[in-house]
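This report describes one protein model for a reader who has not seen it before. It begins with a single residue and then turns to the sheet and the helices.

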Amino acid sequence: MTTALFTNQVLTQATPATVRALLADPLNLPAWATAITTVKPTATGYVLQRSGSVFDQPEQLQVTVGADQVVYHSEGGQLGYEIVFTMTPLAEQTAVQEEVSLTTTPPSWLPLPLVKPVMQRDFQRKLGQLATLAEEQPNDD
């Protein structure tokens, strides 16, 4: 079961390669997704730990990197989810789009229609932080 939740987009001056490189290495997550406090590599992916969240259970993250996409697939936390990041070059900028989907049924205590707009705003803010971080990276092209 996969349920599409929302899509966000941001423009950045960074190149698609720079954005892809940041996303491809989850050790960068605490720099732009600040609720994530610990990222530990494992044999099959990464273990993420969050602080100050109702979703504070460790989660297993697998990352798939393509030419213009990076996919995060998470399991083991309160919600299973997938985020597909797509980088599209536009003249002097890069459009970064994130499509967020649930891969598990939300727990009965989570009123998804009420929290979805809050989640979308929070993800949009984090996407903006990613764009800013990418612009601060040395140009790799």
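## A residue in strand E7

Ser101 is part of strand E7. The model is a predicted one, and in it Ser101 has a relative accessible area of 14%. Because this value is under 20%, Ser101 counts as buried.

Which residues touch Ser101, leaving aside its neighbours within four places in sequence? Ser101 is in contact with Thr2, Thr3, Ala4 and Leu5, and also with Gly80, Tyr81 and Glu82.

## The sheet

Strand E7 belongs to an open sheet of seven strands. Their order is E1-E7-E6-E5-E4-E3-E2, and the pairing is antiparallel. Strand E1, residues 3-12, and strand E2, residues 36-41, are the edge strands, each pairing on one side only. On average, neighbouring strands of this sheet are turned by 20° against each other, direction ignored.

## Two strand pairs

E2 and E3 are antiparallel and pair over five bridges. Val39 has Leu48 in E3 as its bridge partner. The two strands E2 and E3 form a hairpin, with four residues between them. In the turn, Gly45 has a positive phi of about 155°.

Strand E4 covers residues 59-65 and strand E5 covers residues 69-75. E4 and E5 run antiparallel and are joined by six bridges. Opposite Val65 stands Val70 in E5.

## Helices on the sheet

Helix H1, residues 16-24, packs on the sheet. The strands touched by H1 are E1, E4, E5, E6 (81-90) and E7 (93-102). The direction of H1 makes about 160° with that of E6.

Helix H3 is formed by residues 112-136 and lies across E1, E3 (46-50), E6 and E7. Relative to E1, helix H3 runs at about 30°.

## Where the helices meet

How do H1 and H3 pack, and at what angle? The angle between H1 and H3 is about 115°, and their axes are 9 Å apart. The crossing of H1 past H3 is right-handed.

From H1, the residues Thr18, Val19, Leu22 and Leu23 take part in the contact. They meet Leu130, Leu133 and Ala134 in H3. Six residues of this contact between H1 and H3 are nonpolar, one is polar and none is charged.

Definitions and conventions:
Residues are numbered from 1 along each chain as its sequence is written. This is a predicted model: local features need pLDDT of at least 70, side-chain atom pairs count only at pLDDT 80 or more; totals for chains, interfaces and linings use all residues. Side-chain values use heavy atoms; hydrogens and water are left out. Two strands pair if DSSP finds at least two bridges between them. Axes are lines fitted to C-alpha atoms, for helices over the stretch in contact, and angles run from 0 to 180 degrees between N-to-C directions. Contact means heavy atoms within 4.5 Å. A crossing is left-handed if the near helix is turned anticlockwise from the far one by less than a right angle, and right-handed if clockwise. Ala, Val, Leu, Ile, Met, Phe, Trp, Tyr, Cys and Pro count as nonpolar, Asp, Glu, Lys and Arg as charged, and the others, Gly among them, as polar. Buried means under 20% relative accessible area, exposed over 50%, partly exposed in between (1.4 Å probe, protein chains only).
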